Every structure is written in C-alpha cells, then in structure tokens.
Amino acid sequence: MRRMLFCTLALALLLLAGCRGTVDDLAGDYESERVDLSPARLTLRTDGGGSLTVGAEEAPFRWEVRDEGRVVLHTRQGGIISARQGRGTLELDMPGSGKQVFRKKAK
Amino acid sequence: MDTAAGHLAAGPDTGQALRLELERKRLSLRVLLETAQELSGILQPRKIMETFLLTAMGPIGAMGGVAVLARPASCEGMVLSRGLPAREAEALEQHLPDICDAYFPYRDLDGDFPSSKIRAIRRDQAGGDSLLPRGMDILLCFSVDDEHCGLLALGPLLAGTNADAGPDADLGTGLDGALDEDASNLLHSLLHLLIGALRGALAVNSIRQLSVDLGRKNDRLTEALASSQTVQRGLDRRVHQLAAINELAEEMAHLHEVQGILDSFLLTMLGAFSVSCGLALVLDRAKRCVDLAVRGAPDTGLSSYGTADVLVYKAFTASGARSVDPLTVEPVSDPATALAGCGLPFEGRCAMYFALDRDVQGVLVLGETLSGEALEDEDAQMLRAQVGTLLGYVQGARHLAIITALNDDLQRQNEELTRTVTELTEARQTIDLLERAGERVRSFLHAEGLRSRRFSWMDCGIILVAAMLLGFLFNLASPNGVPLVPEHLRRLPAQTVTAQKARELQQSEGALIVDARPQAFFDQQHVRGAANLTPALFDMMYLMRFAQVPLSTPLIVYGGNISRRWDEDVAARLAAREHERVLVLEDGLPAWVARGYPVEP
C-alpha cells in the first residue's frame, strides 16, 4: 500500500513536472499565417489564460494541455477548440472551417 | 727301573737281557716319537689314519692292516687298508655298516661311549668275524670322542702267532696273545697317539666346520640385515606416505570445492611418492566443466573441455575398466604410450583412471620419480587406494555443493514465504480494517435509515431552500453564470425569411448562410456554402471568419429546434455586432431541403 501510494505520487509529480515544462514551452504569442484575412494573434499565458485578437477585437479563453502535444481551448461560452502543437506552431481545428495554423513568435 | 736294577744285580746274562730290554724300550720310544712327529702336523683324519697305519705296521711286524674310523650312530666313516688286495680293500669299504654293527654295538647309547678305552677283541667273539681278512688277529677298538669310534686290525705278524694267549688279556698286560708285552704297550701307546691326533684333527675340522657354518650364518645374517634394511627403508617410505596421507585427510576434510581438493591431493601425492610432476583432472560431462590441477609442469590447455574429454577417454580405454561403474579406480596400462598426443605437459609414468559416476570421470597422471625409478607395485596399490579416497572427497564436495544450493534455495523460499506471510498479515489487517469500516458504514447507514424515518417535510423544505440559495449565490458569483431570465425572452424576435427568399438573397445579394447548430449536426448535413457558427464558439469563430464580412452583407441564420434556439441566439449576437441584415430561416434546414435547394455533403 505504501509503495503503491508512493509510486502514484511520484508519477503524479512527474506528470505535473512534464506538464509544467510543456506549458512553459507552449506559452507565448502566435500569429496566423492567413494571407487572405487580417492577421490574427493568439496569446497563451502560463497561468492558463489566453486570447485571440483580430484587429481591435479580442476573445478571451482558457487553455490546458491534455495529451502529448494536444491543447484544448475553452471559450467563455463553454465551447471547446482542439489544437495540436507542432514544431514552433500551433494548429487549431476550427469546427466547420478546417485547420488554422498559428506560428509562434520569437521572444 | 726297579726291574733293571734287579737284572744288573743278577749277573752278566741278566745284564745282557737288561740291555736288550732297554734297547727295545728306546726303540719303542723312538717309534712313538717319530709317530708323534708324523701325526703332529696332519689335520685330515684320513691322512692321519693312513700315516698311522704305515707307522704302526712296521714296529708291530704286521704284514697288513685295516684302520676304520666311523660314526656308529650314522654308520658313516672311512676304511683304510694296507697289504690287502684291491678287491678285498674295496669290499671292506662297502661293508662299513656291517663293520659298525659288528664292532661298535654301543653306538645307540647316545654318546655314552666307554671313554677312550682301547679294547682288544677276539675275532671269534666279534659278530663281524667274516668281514675282516683272515690273519688279522689283532683287533683293537677305540673311541675317539663322543661320536667317533675306531677299529684297528693288524696281521698276520712276521714273527708268528701266540695261540696260547688268553682271550681276557688286558691292555695293561698285553693287547693280544699274538703280541708280547712290549709290542702290546707300544701298540697301546701308538693308539693313544692316534686317538689324540684324531681328536685334534676332528676338533680342528669341527672348528673349521663351525667357522664355515659361522661364516655362512654370518653371510645369512648380513643378507638378512641387508634385507631388513631394505624392508626398513620400505617401511620408512610407507610411514612417510601414510603420514602425508594422514595430513592430506585432515586437510581435505576442511575443503569444500573440487578444485581445492585436487590441488591438495596432487601436491601430497607428489611428495609422498617423490614424483617431480603430476596432473589431476576431473571432468563433469553433465555440466561440461573441467577441474584441473597441474604441478611441476605448465598447463598446456587441458582445462578446455574438448581436450580433457579426449584425455579421459584414452585413459578409460587403456585401463582395465570395461564399463563406467560408480567409484571405479583402474590403473592405466603403459600411460606413456596410451596418453601420448593428449596434450600432457610431461611423459606419464603412472596413471589412474577413475569414475565417480557416469557423468563425472577423471584421471591422475604422475611423471617421473625423483630417483628415476618406476613406482613399485605396493606404491601403485597405495596410489590406487588414495585415488579411491580422493573420489570420496570429491563426491562429498559435490554433495555439499548440492546441499548448499538446496539450502540457498530453501532459504530463498523461506524469505519469500516470510514475505508472503507478512503481506497476508498486512492484507488481513487491511481486510479487518475494511471490515470494521464497512461495519461502521453499515451502522451509519442503518442509523441514517432509522433517522430518515424521522425525516419531515419541513426538513425537506429547509434543505431545498438552502440549496436554491446556495445555487443562486454561486451563479451570481460565477463569471460563467447563467442569467436568471433567458435572454431570448427579453430580446425582440428576430426577423425571419422563407427558404425561397433566402435562396434569392443568396443568389442575388450574396447573402451568407450561417449554420448555428453544433458541429456534429453541421457535419451531417448543411446548406451548401454555409458557415458553422455556434453560440459556444461565437467569439472566436466570429473573429476568425466574420470579422472581415461587411456589415451590409445579408446573414441568414438557421439551426434550431423546440428546446434550443441556436439560430436566434446567433442571430441576436450578430445583430449585436451591428450587422444590418440578420435573418432567421423559417423552419430551418428542413424547409431548405424541402425546396430542393443544394446541401452538402
């Protein structure tokens, strides 16, 4: 029992540490690569908050890392947008309109 | 002397007789002196008898003579004769036993001879009267010592015989009637000289024989001493070997590995049998391993399994073993030839093949001894016995290894069993704990059940009010709280459009069709060219797709049912973003489909 509890705690700590590292890696500013529309900027903060900015309008949301490289954005209205981390990119799966790629800006 | 003085006093005739007598005595004394001189240097009895016979016949006046020297107890002796034909002399020698029976009847008295007396015997009284030649009437028997007797026979005499002499004549008064007193005395004296010479010669011969016997015995003693020394050396060597083997037994009693036992055994055998080099090898065919000990020579690769197997096989074929029986020890015949080409680092002079069982076999090979000599049979037998002892120790070591492994396994199983018992104990404690917890839960539920029977409507109302109050407060505090009054009840109803009109607006004014349903419904079927914009994702989707849409562009929204008015929600939000013409499609997608307008997929 003690061993199992210890192993569970150790695994949880490892997962937390891994997630912490992933969160740090994901956090930052992203820009859309769309050329047909006005540029869109996606901001992921390390506290789990974020926003999508197009022009002067901004849509806040919260985000979390679910699986390896899979990010979920929670809108204020309760909607969910799934995204996947790439090499310096974040690919959002927009319902009904396909995937939208955001490239991370250098700090 | 008294007699001579009497003769001188008697007259001239008497003086003449006295002179003759003195002359005769002087002659007798000269004969005795010459005889003594003749016999003094002779040490051989036969020569003494021959000399005496020659010397005695002349003064006595005998024409022939026979002298016998015999051992009556064994009827052995010698017969010498003078003046007899050769045939009679030869016959006398052949009749020596008969002569002994006739003239030495006291030979069975076991040494009780009548001292050295000289006895005169009449021929007619002796049992051997016919044995001696006729005419030999002077017969004298005498004893030399406790074993030897003699017989002297003389005759016939040149001066005739004296038939009137009495048979009982004594030696002091005359030997026989045939001789006068002087001749008898002379013969008596001569016989005493003969007896003395024979005694001396026999004594010398006895001494010589004793000396020879003594020398022979001395030689035998010397040989026995040499043999005893050889035996002593062998015993010393055996004692040394046994002492070394005893030490080996004490040493090997504390060894528990085959390799250590082989090293100690080989070292002890080399020392015990004085061998310069040796090799001991044990082959385990089941485990395919080799234990090897080499002394006094380099290791030439016999520790490899293949080479060791060949060596053991050749030793087996060269030994007297016909089958691999347990605890077999057999010497290897001609090991130098039999084991040649097996990689031995030295020439094997003695080898033993041994088998512990069908799987474990081995060989002991000894090289040349320090002295260069081959081992004796007793050494080989002792070596064989010691190899048998080695087998016992090797078997003991193997059994100990098995027991140790079994003990280790048993200890490990004990530890696992102890661990299992501990886990079972902990599990039992956990089960007890859970059972107690379950008992408590059951007791609690039972108590709650009992108490629920006392539950009143007042309690229910209080709980309901409290829950509503808590929910209301939480909804007010939450940023995602729902409005107390649905928004669609407060806002004005949206402007609607028929499917036909919507189609015309789409074709004529480029109206944008918006599907407000969730994505799952949208993916199943939607108006061709429609955009999916749900209330849940309105903010983000609007920014991504509708931010650049001109506000004057007609927007036709559809998607709703009895309980959910997504189309009206989306239409209200679009209108809130100042889009000038936001319309809701009447009857939604079914009306559009019923008209036969295009949809996808």
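Q: How do the axes of helix H3 and helix H6 of chain B cross?
A: This is a predicted model, so keep that in mind. In it, the axes of H3 (residues 45-60) and H6 (residues 181-252) of chain B come within 10 Å and cross at roughly 170°. Angles over 145 degrees count as roughly antiparallel, so H3(B) and H6(B) are roughly antiparallel to each other.

Q: Which residues of H3(B) and H6(B) meet there?
A: From H3(B) you have B:Pro45, B:Ile48, B:Phe52, B:Ala56, B:Pro59 and B:Ile60. They meet a set in H6(B), including B:Ala183, B:Leu186, B:Leu190 and B:Leu202.

Q: What about H6(B) and helix H7 of chain B, at what angle do they pack?
A: About 170°, with the axes 9 Å apart; H7(B) covers residues 258-272. That makes H6(B) roughly antiparallel to H7(B).

Q: Which residues make the contact between H6(B) and H7(B)?
A: On the H6(B) side, B:His240, B:Ala244, B:Leu248 and B:Glu251 are among them. On the H7(B) side, the contact includes B:Ile261, B:Phe265 and B:Thr268. The residues of this contact divide into seven nonpolar, five polar and one charged.

Q: Switching to strands. Is strand E4 of chain B buried or exposed?
A: E4(B), residues 138-143, is mostly covered, with six of its six residues buried.

Q: Which residues point which way from E4(B)?
A: B:Ile138, B:Leu140 and B:Phe142 point one way, while B:Leu139, B:Cys141 and B:Ser143 point the other way. All of them are buried.

Q: Why two ways?
A: In a regular strand the side chains alternate between the two faces of the sheet.

Q: OK, what pairs with E4(B)?
A: Strand E3 of chain B (residues 118-120) pairs with E4(B) in the antiparallel sense over three bridges, and there B:Ala120 stands opposite B:Leu140. Strand E5 of chain B (residues 149-154) also pairs with E4(B) in the antiparallel sense, over six bridges. In that pair, B:Ile138 stands opposite B:Leu154.

Q: What joins E4(B) to E5(B)?
A: A hairpin does, through five residues.

Q: Now chain A. How many strands are in its closed barrel?
A: Eight, running E1-E2-E3-E4-E5-E6-E7-E8 with antiparallel pairing. The twist averages 30° from one strand to the next.

Q: How do E1 and E8 of chain A pair?
A: E1(A), residues 28-32, and E8(A), residues 98-104, pair in the antiparallel sense over three bridges. A:Tyr30 stands opposite A:Lys104 in E8(A).

Q: Which helix of chain B packs on that sheet?
A: Helix H15 of chain B, residues 538-546. H15(B) touches several strands of chain A, including E2, E4 and E8, and its direction makes about 120° with that of E4(A).

Q: How many residues are in contact between chain A and chain B overall?
A: 20 residues of chain A are in contact with 18 residues of chain B.

Q: Which elements of chain A give two or more residues to that side?
A: E3 and E4 of chain A. E4(A) gives the most, with three residues. The residues on chain A's side divide into nine nonpolar, nine polar and two charged.

Definitions and conventions
Residues are numbered from 1 along each chain as its sequence is written. Chains are lettered from A and ligands numbered from 1 in the order in which they are written. This is a predicted model: local features need pLDDT of at least 70, side-chain atom pairs count only at pLDDT 80 or more; totals for chains, interfaces and linings use all residues. Two strands pair if DSSP finds at least two bridges between them. Helices (H or I, at least four residues) and strands (E, at least two) are DSSP runs, numbered from the N terminus. Axes are lines fitted to C-alpha atoms, for helices over the stretch in contact, and angles run from 0 to 180 degrees between N-to-C directions. Two residues are in contact if their C-beta atoms, placed from the backbone, lie within 7 Å. Angles under 35 degrees count as roughly parallel, over 145 as roughly antiparallel, 65 to 115 as roughly perpendicular and the rest as oblique. Ala, Val, Leu, Ile, Met, Phe, Trp, Tyr, Cys and Pro count as nonpolar, Asp, Glu, Lys and Arg as charged, and the others, Gly among them, as polar. A residue is buried if 20 or more other C-beta atoms lie within 10 Å of its own, exposed if 12 or fewer, and partly exposed in between; C-beta atoms are placed from the backbone.
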